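Open the model in a viewer and keep a selection panel at hand.

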Amino acid sequence: MTFQLLCFYAFAAVTTLAALGVITLRNSVHAVLCLVLTFFSTAAIWLLAEAEFLAVALVVVYVGAVMVLFLFVVMMLDIKQEPLREGFIRYLPVGIAVAAVMLAEMLALIGVRAMAQVPAPANPAGDSNIAWLGETLFTRFLLPFEIAALILTVGIIAAVALTLRRREGVRHQDPARQVAVDPRTRVRVVKMAAERGQEPAA
Amino acid sequence: MHADLLLAAWTLAKILAISVPLIIAVAMYSYWERKVIGWMHVRMGPNKIGPWGLLQAFADVFKLLFKEIVVPANADKPLFYLAPVLAVAPAFAAWAVIPFDQGVVLANLNVGLLYLLAMTSMGVYGIILAGWASNSRYALLGAMRSAAQVVSYEIAMGMALVCVLVLAGSLNLTDIVNAQAGGKGLLDWFWLPLLPVFVIYFVAGVAETNRAPFDVAEGESEIVAGFHVEYSGSAFAVFFLAEYANMILISFLASVMFLGGWLSPFPASWGLIGQGSWIWLFAKAFAFAFMYLWFRATFPRYRYDQIMRLGWKVFIPITIVWVLVAGCMKYFGWITAGA
């Protein structure tokens, strides 16, 4: 057993345990943290498979950004634990059905891949696939890449438009106007003679 | 297997060779901060323990280590202890890709820049969890402020780094430094073509580390100490360590990305003084680290909405425009990497 294989088993075990934790832990904040750990150890497995860009992108996008917002929402929601357990038996058949379908799909995918005997594609970039990835993304797959970017931009604008509400009577600060204020219009300096203290009575 | 074990041991030795000096640097940096701010306030600063007060930092560390860690009532105990670890781990892990000299780097990753972004974005977990697990309103407020600020300024920082990678044509930090080499010394470095972005990067770095004048997350005068208000003893020391390690990290990164890393500011034709050396890198990083302290003694704290306005409405648009400018510089050949 090589060191790499050992690492793989370690990371895979952590991923599985963390994923189990996501669905079994009662505290929702703990569950979200387990999800973070799942993402992180998945990224580690991808690193072992020499998919550096995917691995780091997973950490940057999901661990660094998406899960932070997720954690925020979960912390603020203050979910009660009892109601969560109520429908467990009622929804169990649906859950099992979905899980079974997903398992079948995955097995079919692995089976198809194994039958097709696709040889592992040679790494076209030698030991660095990130330069190759960047170049391919901006030449061969430029159109899909730009469509994806456009869709994401539209999504951002839509999200802003959905939540943006104009309220009447809100007072805004305009820093440019604040800076341009002339102090002479705001402060009046009054010159007056100094007060003379009362002489103590002799 | 034996070769693997040997490699692991060798890597561990290199990790220790970086992290032990880093811890000592953090201790000395905190001493230097108090001394510099003291001088700027026309005070002496620490001057009692050891010659010129040099051992003050170590006295503080040992004091903190021997103090009790008080856990607030109804705090989430595992997360309360986990939070400082989550804060300090990324602050140290990011050092793996910093090149100190030509070839002197722990991990010469081809995705070095992305790795840095990933690690710095992980640091926010420690802060959020500390705020939440403490079961304290001040801590939660500080954590929320801090997380919003870190997430906002990360975008400006990331876009600034995109400009660097456009000019360098690589995500590898060693390649980025080498792309700034040339015959003209400091005029070849990226700070010149990327001047606005360079300024934004360092200012965003100050905001990202929650330092003055962006330290609303701690805000002693409003929310006591923010996310680590409930922490004491060694747990507090670990937060402190993470913050200062991050400050030193940002100083090194600004030097590597924009000031040519270990390259000499003088032309290579000037003999010994024109040669690259780790001494140059450390001098540049020291200058940035000093600026952190200078800012703290000089500027009043920003208001929270001003911080958000600066990040979203000023920094991000400028960096996005400058990505375009950097692309044009590269496309029309005004800037050639590596000369």
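Begin by selecting Gly123(B), Ile127(B), Glu208(B), Thr209(B) and Asn246(B), which lie nearest the centre of the largest cavity among its 20 lining residues. A cavity here is a set of points, on a 1 Å grid over the protein atoms alone, where a 1.4 Å probe fits but cannot get out, and lining residues have an atom within 4 Å of a point. The model is predicted, and local features need pLDDT of at least 70, side-chain atom pairs count only at pLDDT 80 or more, while totals for chains, interfaces and linings use all residues. Residues are numbered from 1 along each chain as its sequence is written, chains are lettered from A and ligands numbered from 1 in the order in which they are written, and side-chain values use heavy atoms, with hydrogens and water left out.

The largest cavity has a volume of about 300 Å³, a volume being the space filled by probe spheres set on the points, with grid points joined across faces, edges and corners. Colour helix 3, helix 4 and helix 9 (233-258) of chain B, each of which supplies at least two residues of this lining; helix 9 of chain B gives the most, with six residues. Helices are DSSP runs (H or I, at least four residues), numbered from the N terminus. The lining of the largest cavity divides into 13 nonpolar, five polar and two charged residues. In this scheme Ala, Val, Leu, Ile, Met, Phe, Trp, Tyr, Cys and Pro count as nonpolar, Asp, Glu, Lys and Arg as charged, and the others, Gly among them, as polar.

What lines the second largest cavity? Select Leu116(B), Leu117(B), Thr120(B), Met157(B), Leu161(B), Tyr201(B) and Leu253(B). About 40 Å³ of space lies there, and helix 4 of chain B provides the largest share of the lining, three residues.

Next, go to the largest pocket, with a volume of about 2,400 Å³. A pocket is an open set of points with protein on both sides within 12 Å along at least five of seven lines. Select Val60(A), Val61(A), Leu114(B), Met159(B) and Val162(B), the closest to the centre of the largest pocket of its 47 lining residues. Helix 3 of chain A gives the most to this lining, with eleven residues. By class, 34 residues of the lining are nonpolar, ten polar and three charged.

For the second largest pocket, of about 1,300 Å³, select Leu47(A), Thr11(B), Ala107(B), Leu109(B) and Tyr115(B), which lie nearest its centre among 38 lining residues. Helix 1 of chain B gives the most to this lining, with nine residues, and the classes are 29 nonpolar, six polar and three charged.

Last, show the contact between the chains (heavy atoms within 4.5 Å): 28 residues come from chain B and 27 residues from chain A. The buried area is about 2,300 Å², of which carbon and sulfur atoms give 79%; buried area is the accessible area (1.4 Å probe) that two parts lose on being put together, summed over both. On the side of chain B that touches chain A, helix 4, helix 5 and helix 11 of chain B each supply at least two residues, and helix 4 of chain B gives the most, with twelve residues. This side of chain B divides into 20 nonpolar, two polar and six charged residues.
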